[in-house]
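The following report describes selected features of a predicted model. It is arranged by topic.

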Amino acid sequence: MDNNVILSVRDLDVKFSLRGRVLHAIRGISLDVYQGESLAIVGESGSGKSVFTKTFMGLLDANGSITGGSVLYRDQDLARFETEKQWLSIRGKEIAMVMQDPMTALNPLKTIGSQVEEAVLLHRKCTKEAARQAVLDILTDVGIQEAERRCHQYPHEFSGGMRQRVVIAIALACRPKILICDEPTTALDVTIQAQILRLIREMQKKYDLTTIYITHDLGVVANVADRVAVMYAGDIVEIGTCEEIFYDPRHPYTWALLSSLPQLGTRGEELYAIQGTPPNLFYEVHGDAFAPRNPKALKIDFVERPPYFEVSPTHRARTWLLDPRAPKVEPPEQIKLLRKGGGGSHGRTP
């Protein structure tokens with residue numbers, strides 16, 4: 001992996017105003033994204049994954065705003081952008097997104113070809129003729145056969161997997177440097193999921209992309225990611241390589257997420273589930289946000305927010321358990337089982 005940082009986030013804060021109250025959705029996140037890598041951002045629904053990545057493209061809802069920190073992309077601080085014109089120089093052209101639901105991402109009244117062509121003409125200086133050829137090339141690249149015929153069809157004439165390929169084609173038409181995939185396999189069945197993930201990996205190589213996956217599915221992560229950032233309550237609580245997160249996790253929330261994998265269940269016993277609910281971000285979070293749901297929480301977890309502790313040069317976690325003064329707390333049995341079976345290529349799930 002190239003060590004050049006393509007996107008650098010520092011102390012990012014995002015707040016939303018809702019009916020006179022303020023929700024602190026992103027709480028001081030810092031993260032570097034490296035050129036050419038595949039980064040997965042994982043966490044429960046509501047942990048802030050999508051909000052975080054929307055700040056890279058100026059897609060926050062009208063009642064949301066960046067209230068602190070910076071998002072540096074090629075010497076530009078995206079957190080300081082104020083106009084749509086500024087965002088149009090980045091959105092699509094530099095950073096593109098594959099949305100969660102291809103049916104709502106596509107216009108049902110326009111042909112597939114015209115929707116991809118729109119993206120080509122918007123971001124590339126080329127003739128209508130050249131744009132048409134580019135559309136056929138891109139549709140072929142993403143695995144749509146008989147592109148000439150199919151580009152005259154409408155979204156409802158395509159299956160879910162094919163629609164997802166079209167959405168990927170539209171994102172690639174802009175020739176971005178960073179591709180954000182927001183739950184790209186949510187609405188698809190398992191065999192189609194595998195095909196779409198394989199396609200994104202192939203496109204990453206062919207188009208020299210940096211990819212960021214947003215997902216709650218750790219099975220997806222194991223198959224696509226070089227690095228994994230674990231998010232909880234608007235903060236990144238642990239980050240490391242795929243192997244480090246799967247086989248040497250250190251934050252109790254990461255333990256809980258991995259323990260919830262159906263593959264780690266014991267036949268005849270109930271599947272593990274994380275007790276309780278995430279904190280209400282309308283209120284200030286004291287200490288470690290996960291402490292109230294953590295049966296192994298220390299007293300200090302309820303008082304002071306932990307700093308990051310370095311496990312290795314590529315692995316750090318925000319938990320007091322890594323403080324030299326902390327008592328030794330063993331991870332759950334499921335995590336020990338993962339460790340025993342660990343070390344395989346790219347952390348494939350059991």
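## Charges over aromatic rings

Arg316 is placed over the face of Tyr308, 4.3 Å from the centre of the ring. Arg21 belongs to strand E2, which spans residues 21-34.

## Aromatic pairs

Six aromatic pairs are present in the structure. In one of them, Tyr253 and Phe290, the ring centres are 5.2 Å apart and the planes meet at 65 degrees; the pair is therefore edge-to-face, the class for planes over 60 degrees apart. This pair connects distant parts of the chain, with 37 residues separating Tyr253 in helix H11 from Phe290 in the loop between H11 and E11.

Tyr253 and Phe290 are both buried. Together with Tyr232, these two residues make up one aromatic cluster.

Strands of a sheet pair through backbone hydrogen bonds, in either the parallel or the antiparallel sense. Here, four strands form an open sheet in the order E2-E1-E4-E5, and the pairing is antiparallel.

Strand E1 (residues 5-18) pairs with E2 in the antiparallel sense over eleven bridges. Within this pairing, Ser17 has Val22 in E2 as its bridge partner. E1 is also joined to strand E4 (residues 64-73) by eight bridges, again with antiparallel direction. In that case, the bridge partner of Leu7 is Tyr73 in E4.

## The E1-E2 hairpin

Two residues lie between the strands of the hairpin formed by E1 and E2. In this hairpin, Arg19 adopts a positive phi near 50 degrees.

## A nonpolar surface patch

Ile300, Phe302 and Val303 form a nonpolar patch on the surface, and their accessible area together is about 280 Å². Phe302 is located in the loop that runs between helix H11 (252-259) and strand E11 (309-312). The loop between H11 and E11 also holds Phe290, which is buried. Phe302, by contrast, has a relative accessible area of 47% and is therefore classed as partly exposed, the range between 20% and 50%.

Note on methods:
Residues numbered from 1 in each chain as written. Predicted model: local features only at pLDDT ≥ 70, side-chain atom pairs only at ≥ 80, totals over all residues. Heavy atoms only, no water. Patch = residues over 30% accessible without salt bridge, like charges linked within 9 Å, V, L, I, M, F, W, Y side chains within 5 Å. Areas by Shrake-Rupley, 256 points an atom, 1.4 Å probe, with all protein chains shown as cover. Salt bridge = Lys/Arg side-chain N within 4 Å of Asp/Glu carboxyl O. Buried < 20%, exposed > 50% of the residue type's maximum accessible area, 1.4 Å probe, protein only. Pairing = 2+ DSSP bridges. Phe/Tyr/Trp six-rings, centres within 6.5 Å; stacked < 30°, edge-to-face > 60°. Lys NZ or Arg CZ within 6 Å of the ring centre and 35° of its normal.
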